[in-house]
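User: I would like to go through this model with you. Could you take my questions one at a time?

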Amino acid sequence: MSKINAMLDYQKNDIELRKILKVINDSEDSKRQERAKEAFDIAKKTVNESEDTAKTINSFFDKSVNFGKEVQPQIEALASQLEKATDQKTADEIIQKLLAIRAKIVDVDKKAGKDKMAGESCLAGYAEAQSRGIRAREVHADAKAKVDAKKKENSVQIDTLTNQITKLEKQVDKVFLDRYKILASDKKFPPLVPISEKSCGGCGMQMSISCIATVEKEEYGKCDNCQRMVYKR
């Protein structure tokens, strides 16, 4: 079997398999499955972000509690000193220290208020994301079951073509096959096309003299325009 005939046989089976899988992958159930996966991933991301926010809020809450424990003895000690102060200068210095502590407490209180609101929003977002994630998972499972059922209906044909393609891969020139797969992944399909009246059977552009000479010599060449593999029928 020549390089071209082996490649054409491979391509024929590959095209048939792609047609079957395309029908399945383009089905509404397949699209529902993909949309559900995207929705689940978004919900999961929101849940993770909510958990991170909750950790930050909890950490600040713990620090706030510790701050309260630290300043309480300081306040009591300063209050006691203020009661015992015998001159205005000393009293003013103690009062300034108390005001400084009060300012810190106010700042902590404001931050705690903001965190409380953020916590409530975080909790609501977490619950809503969990709900969306559960719904998305249910839709995904239902759509996947229907897609799998469709694949099962075509399993004999899919398996036959897959096995034939695997068998033909051993007969096709490796360099030829690698080039074919690169073109197919680049959406240049079919990768192997005939020359029609000195033009590429894929893009329709006229072949160069050097390309035609290569085809005459080596069975196939490469279109200068679309890079597809070309052969002479």
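Analyst: What follows covers a helix, the cores, the sheet, the cysteines and one glutamine, all in a predicted model.

User: Start with helix H1. What should its 23 residues span, and how far apart are its end C-alpha atoms?

Analyst: Helix H1 covers residues 3-25, and at 1.5 Å a residue it should span 33 Å. The end C-alpha atoms are 32 Å apart, which agrees with that expectation.

User: Which H1 residues are buried?

Analyst: The buried residues of H1 are Ile4, Ala6, Met7, Tyr10, Gln11, Asn13, Asp14, Leu17, Ile20 and Ile24.

User: And the largest nonpolar core: which of its residues touch the most other members?

Analyst: That core has 21 residues, and those touching the most other members are Ile4, Met7, Tyr10, Val172, Phe176, Leu192 and Met229. At least two residues each come from H1, helix H4 (155-169), helix H5 (174-185) and strand S4 (229-231). H1 gives the most, with seven residues.

User: What does valine 172 touch, leaving out residues up to four places away in sequence?

Analyst: Valine 172 touches Ala6, Met7, Tyr10 and Leu177. There is also a second, separate core of nine residues, among them Cys200, Met207, Cys211 and Cys223.

User: Cysteines, then. How many disulfides does the structure hold?

Analyst: It holds zero disulfides. For cysteine 203, the closest cysteine sulfur is in cysteine 223 at 3.7 Å, which is too far for a bond, because a disulfide requires sulfur atoms within 2.5 Å. Cysteine 223 is in no disulfide either; its nearest cysteine sulfur, in cysteine 226, is 3.7 Å away.

User: Are cysteine 203 and cysteine 223 buried or partly exposed?

Analyst: Cysteine 203 counts as partly exposed at 30% relative accessibility, whereas cysteine 223 is buried, with a relative accessible area of 1%.

User: Changing topic: what is the strand order in the sheet?

Analyst: It is an open sheet of four strands in the order S2-S1-S4-S3, with mixed pairing. Strands S2 (199-200) and S3 (220-222) stand at the edges with a single partner strand each, so one side of each has no neighbour in the sheet. S3 and S4 run antiparallel and are joined by three bridges. Lysine 222 has methionine 229 in S4 as its bridge partner.

User: Which strands does H1 touch?

Analyst: H1 packs on the sheet, touching strand S1 (192-196), S3 and S4, and its direction makes about 120° with that of S1. H5 also packs on the sheet and touches S1, S3 and S4; its direction makes about 120° with that of S4.

User: Last one: where is glutamine 33, and is it buried or exposed?

Analyst: Glutamine 33 lies in helix H2 (residues 28-84). Its relative accessible area is 18%, so it counts as buried, the limit being under 20%. Apart from neighbours within four places in sequence, glutamine 33 contacts His140, Ala143, Lys144 and Val147.

Conventions: Residues numbered from 1 in each chain as written. Predicted model: local features only at pLDDT ≥ 70, side-chain atom pairs only at ≥ 80, totals over all residues. Heavy atoms only, no water. Expected span 1.5 Å × (residues − 1). Buried < 20%, exposed > 50% of the residue type's maximum accessible area, 1.4 Å probe, protein only. Core = buried A, V, L, I, M, F, W, Y, C linked by side-chain atoms within 4.5 Å. Contact = heavy atoms within 4.5 Å. Pairing = 2+ DSSP bridges. Axes fitted to C-alpha atoms, helices over the stretch in contact; angles between N-to-C directions.
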